[in-house]
Amino acid sequence: MSVDSVTSTESTSTATDTSSLYSSATSDLDKDAFLNLLVAQLANQDPLDPMDNQDFIAQMATFSQLEQMTNLNSSFTDFMQGQTLSQYASLVGKEVVATDPDSGEEITGTVEAISFGDDTAKATIDGTDIDISYIEEIKASN
């Protein structure tokens with residue numbers, strides 16, 4: 001009876017490992033990998049028992065949905081970058097106080113530009129790029 005319990009524990013562990021492998025494999029597939037998989041499937045199908053038309057149409061619909069979602073995600077990312085730049089555009093020309101993340105020193109200066117890089121908005125303060133989140137104070141224009 002103890003042998004059965006060991007066997008059941010191992011099979012549960014194997015099932016967990018398999019599901020984690022499956023989830024990591026599916027999260028890494030993009031539209032190019034999906035298209036390559038579909039082409040390989042078509043090239044290697046049995047000529048005496050070809051793929052059912054309904055299955056083929058379902059796979060093509062899935063590919064189309066994947067491509068549309070990828071395009072939508074790209075457009076949304078561009079839109080959000082534009083929104084972020086617009087949100088902080090009013091800082092240009094204003095005097096601000098920020099903390100340098102590397103040295104911890106306080107930087108006071110005029111914002112010359114706002115840019116978007118590495119998925120964060122940055123302010124150029126007297127020639128130094130500082131992440132917007134390090135700005136502590138915005139002073140009124142003179």
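Leaving aside its neighbours within four places in sequence, which residues is Leu 91 in contact with? The legends below start with the whole chain and then come to that answer.

**View 1. The whole chain, a predicted model.** Local features here need pLDDT of at least 70, and side-chain atom pairs count only at pLDDT 80 or more, while totals for chains, interfaces and linings use all residues. Residues are numbered from 1 along each chain as its sequence is written, and side-chain values use heavy atoms, with hydrogens and water left out. You'll find 3 helices and 5 strands in the protein chain, in the order α-α-α-β-β-β-β-β along the sequence. (Helices are DSSP runs of H or I, at least four residues, and strands are runs of E, at least two, numbered from the N terminus.) Of the 142 residues, 15% are buried, meaning under 20% relative accessible area; exposed is over 50%, and partly exposed is in between (1.4 Å probe, protein chains only).

**View 2. Leu 91 and the largest nonpolar core.** Here's the answer: Leu 91 is in contact with Val 111, Ile 114, Ile 132, Ile 135 and Ile 138, neighbours within four places in sequence aside. Contact means heavy atoms within 4.5 Å. Leu 91 is also one of the 12 residues of the largest nonpolar core, which include Val 96, Ala 98, Ile 107 and Ile 130. β1 (95–99), β2 (106–117) and β3 (120–125) each supply at least two residues of this core. Such a core is a set of buried Ala, Val, Leu, Ile, Met, Phe, Trp, Tyr and Cys residues joined through side-chain atoms within 4.5 Å.

**View 3. The hairpin of β2 and β3.** These two strands pair in the antiparallel sense over 6 bridges; strands pair if DSSP finds at least two bridges between them. Phe 116 stands opposite Ala 121 in β3. With 2 residues between the strands, look for Asp 118, which takes a positive phi near 55°.

**View 4. On to β3 and β4.** Strand β4 (residues 128–131) pairs with β3 in the antiparallel sense, over 4 bridges. Lys 122 sits opposite Asp 131 in β4. This hairpin also has 2 residues between the strands, and Asp 126 takes a positive phi near 50°.

**View 5. Met 80 on helix α3.** Met 80 has its place in helix α3 (residues 53–88). Why does Met 80 count as partly exposed? Because its relative accessibility is 38%.
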